Amino acid sequence: MSLKKFEHKTDIFFDLDHTLWDFEKNSALAFEQVLAEMKMPFSIEQFLNYYVSINAEYWDRYSLNQISQQELRVGRIRDTFNLLDFSTSSDQIVEVGDKYLNYLTSYNYLFDGAIEILTYLNDKYKLHIITNGFDQVQARKIKNSGIEKYFQTITNSELAGVKKPDAKIFTYALQLAKVAVSDTVMIGDNLLADIEGAQKVGMDVIYYNEHYNTVPDTIPQVNTLLDIKSLL
């Protein structure tokens, strides 16, 4: 990908979870704490074996407005328990979910190179975040992980009233940042929410392809965060 494609950009927008903030690692640590505290009759490995894919599916449905926030929070745990043949009450499922979200921001591992690439980009561009996560949870992640200082604006789906890939959240973020779409690049790990969503409003994109998924050659991509230096 030619450097010239991005040479006149002024503002870079990042996704948060799975792009900068290591969601899978932090989530596993939070659930490990919850399961131990509540003395659940299965290991964290057994739980995550089902939960990871179930959670991804629920987030896709949530992003497309097929389920509510509450259905996301409860359903992903209920379905995991069902596959583990663990019967419990609705109240306990809610308790697990609440404890998990409370503990989640106690763990704040970032992907390798996150601080280095943010420091590098911060000298050249204005940086922003667009995230589908819950308002208070995302704010704590950004603050507790020490990356708050890098970002001029932070847009989340609760504030915008819509979720990625809806064009309105990108429009909201652009207006908040006071920047023309032609001057921007969106960086994220989710082809639907981040990449297709941003392209709908005319933003250039960089796909953070950590897992080496097969994607069209027309989509600029990197496999590590530090690879972004070759494009920006």
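Biologist: So what order do the six strands come in?

Modeller: This is a predicted model, and in it the six strands run E3-E2-E1-E4-E5-E6 as an open sheet, with parallel pairing.

Biologist: Which strands sit at the edges?

Modeller: E3 (151-156) and E6 (221-222), and each of those pairs on one side only.

Biologist: How many bridges hold E5 and E6 together?

Modeller: Two, in the parallel sense, with E5 covering residues 204-208. Take Tyr-207: its bridge partner in E6 is Gln-221.

Biologist: And which strands does helix H8 touch?

Modeller: H8 (residues 167-177) packs on the sheet and touches E1 (11-14), E2 (126-131), E3 and E4 (184-188). Its direction makes about 155° with that of E3.

Biologist: What about H9, where does that lie?

Modeller: Across E4 and E5. H9 spans residues 191-200 and runs at about 165° to E5.

Biologist: Switching topic: how far does H1 reach, end to end?

Modeller: From first C-alpha to last, H1 (residues 23-37) reaches 21 Å, close to the 21 Å expected for its 15 residues at 1.5 Å a residue.

Biologist: Which of the H1 residues are buried?

Modeller: Phe-23, Asn-26, Ser-27, Ala-28, Ala-30, Phe-31, Val-34 and Leu-35.

Biologist: What covers them?

Modeller: Among others, helices H2 (44-63), H4 (90-104) and H6 (135-144).

Biologist: Last one: what is the phi of Lys-39, after H1?

Modeller: Positive, near 55°.

Technical notes:
Residues are numbered from 1 along each chain as its sequence is written. This is a predicted model: local features need pLDDT of at least 70, side-chain atom pairs count only at pLDDT 80 or more; totals for chains, interfaces and linings use all residues. Side-chain values use heavy atoms; hydrogens and water are left out. Two strands pair if DSSP finds at least two bridges between them. Helices (H or I, at least four residues) and strands (E, at least two) are DSSP runs, numbered from the N terminus. Contact means heavy atoms within 4.5 Å. Axes are lines fitted to C-alpha atoms, for helices over the stretch in contact, and angles run from 0 to 180 degrees between N-to-C directions. The expected span of a helix is 1.5 Å times one less than its number of residues. Buried means under 20% relative accessible area, exposed over 50%, partly exposed in between (1.4 Å probe, protein chains only).
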